[in-house]
Amino acid sequence: MIPIEGEKYNIEIESVSSDGNGVGRIASFAVFVPMGVIGDRVEVKINKVKSRYAIGEIVKILEKSPDRIKPPCRYYDRCGGCQIQNMDYKAQVKGKAEIIENALRRIGGIRDFSLDEFIECDKPFHYRNKVIFFCDNGVGMYERGTHNIVELDGCMLAYEGVEAILGAVLDYAKECGVPYYNTKNHTGILRRIFVRNNSRGEFMVVLSVNADTVPNADTLFNNLSKLNVKSVYLNIDKRKNSGAMSYENKLAYGDRYLNEEIFGIRFKISPESFFQINYEQTKKLYQKAIGLADVGKDDTVMDLYCGIGTISLSVAKQAKSVVGVEAVKRAIDDARENAKENGIENAEFFADKAEDIVPKLIDEGSAPDIVIMDPPRAGSDTVTISAILRAKPKRVVYVSCNPSTLARDLKQFINNGYAISTAIGVDMFPQTMHVETVVGLVRKEK
Ligand code: SAH
């Protein structure tokens, strides 16, 4: 039976999709239900019917799941930032572990796969050290499923302190006549407010503006400095001059970098560089990854998708040498500077795409004993992985923020002489459907 658009049906939510929608069935036809919780019986109105699934909207909750809770954030119903704030934390964790296991079984073809461990987050709110507010008619985040702005005065995932900073920027914009950018008619100035902090609660603010300067900037900097903001950048959109996409980050106030420390190593973070967004969980994740890598003093290590070199520098002391590869040039500049600052001399960094440089390095004779890789959501690729396979490292540690691409990539390793030794899930992003996985791979003797 195929459901009919506009009609209402009673269904039970049986599972959760990887993007956080509840999933139920009408006869055997799958229905995705935003904000449905496993175990709910709901009346849904079908809004869209596609060839293989439909999308429904909850009209009424007929029977509430025992895992359903009242979301603490008052913007949850509309804001697209969180998907599963209406689920009890234990149920969130269980759902995420199942998503990893299902991906590895179904996409990875790994029979009877189960995780060895799942590391929960002790602080399921106010854990994010980076948040972006978009300006259009108002200031806030994107609405669930659209690019409309939901106006917010803060975010429960962001660090305490962000709300006051956002308030100070908005007060300044109002008082000093800095209008919000309007995406429809391309007028106005303030486009985005990016707030990042370190674990000591020091902040960096990057204001994306459609202008070369902002008026009365000193008033703003003065207000922000009282809120522990150590650095303010203007992110200037240069497109109107050159036509092509081009942005420049101009330091307007304070320090160039935000300082962070992990395992006694100091890191400088610039506005363009990736840095893991949940500090406490990152330490646990890295500890697991480093443990699985088990680097000895004669081992050479390759750290792919290395960002500012956090993992590379954390293993350098134990290793003979480390090579880090990362596509963003500025992140590699930071990585080199971080190595120097910490007196680490056996780490070398390359600013290039993994798929371009890794085959070259390996075909020119690099033979890493251990590879650590932490690609973005799209995962790694067959070219990079084939090159790694040619080098025959004894261990590969794969850190992933997307179970589907992880499963796809693991298949290539498993089909070519590697076996999973350990797989651990880490909840870095409570209230959202994102989940991190660390997998240890070992080369089977041949
Ligand atoms: N390991 C680092 C960064 C992980 S995030 C950390 O823990 O902080 C993934 C990184 O991969 C980002 O820094 C991104 O810029 C980089 N990246 C994305 N595509 C890439 C590619 N094709 N080749 C190399 N690096 C890439």
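Set aside the neighbours within four places in sequence, and Thr 282 is in contact with Gln 276 and Met 428. This is a predicted model.

Where does Thr 282 sit? Its place is in helix H5, which covers residues 279–293. Is Thr 282 buried or exposed? Its relative accessible area is 0%, and buried means under 20%, so Thr 282 is buried.

The side chain of Gln 276 has an N or O atom 2.8 Å from an oxygen atom of the ligand. Ala 354 uses its backbone: a polar atom there is 2.9 Å from a nitrogen atom of the ligand. For Asp 374, a polar side-chain atom lies 3.0 Å from a nitrogen atom of the ligand.

Now step back to the whole chain. The domain assignment gives domain 1 (8–63), domain 2 (130–260) and domain 3 (278–443). How far apart are the C-alpha centres of domain 1 and domain 3? They lie 38 Å apart.

Next come the rings. How many aromatic pairs does a search of the whole structure find? It finds four. One of them joins Phe 134 and Tyr 142. The centres of these two rings are 4.4 Å apart, and 20 degrees separate the planes. Planes under 30 degrees apart count as stacked, so this pair is stacked. Tyr 142 is partly exposed, at 29% relative accessibility.

Phe 413 and Tyr 418 are arranged in another way. Their ring centres are 5.8 Å apart. Their planes stand at 80 degrees, so the pair is edge-to-face. Are these two residues buried or exposed? Phe 413 is buried, with a relative accessible area of 0%. Tyr 418 also counts as buried, at 2% relative accessibility.

Lys 123 lies over the face of Tyr 159, 5.3 Å from the ring centre. Over the ring of Tyr 181 sits the charged end of Arg 191, at 4.1 Å from the centre.

Notes. Residues numbered from 1 in each chain as written. Predicted model: local features only at pLDDT ≥ 70, side-chain atom pairs only at ≥ 80, totals over all residues. Heavy atoms only, no water. Domains from an automatic or database assignment. Phe/Tyr/Trp six-rings, centres within 6.5 Å; stacked < 30°, edge-to-face > 60°. Buried < 20%, exposed > 50% of the residue type's maximum accessible area, 1.4 Å probe, protein only. Lys NZ or Arg CZ within 6 Å of the ring centre and 35° of its normal. Helix = DSSP H or I, 4+ residues; strand = E, 2+ residues; numbered from the N terminus. Contact = heavy atoms within 4.5 Å. Polar contact = N/O pair within 3.5 Å; in protein donor to acceptor, adjacent residues only side chain to side chain.
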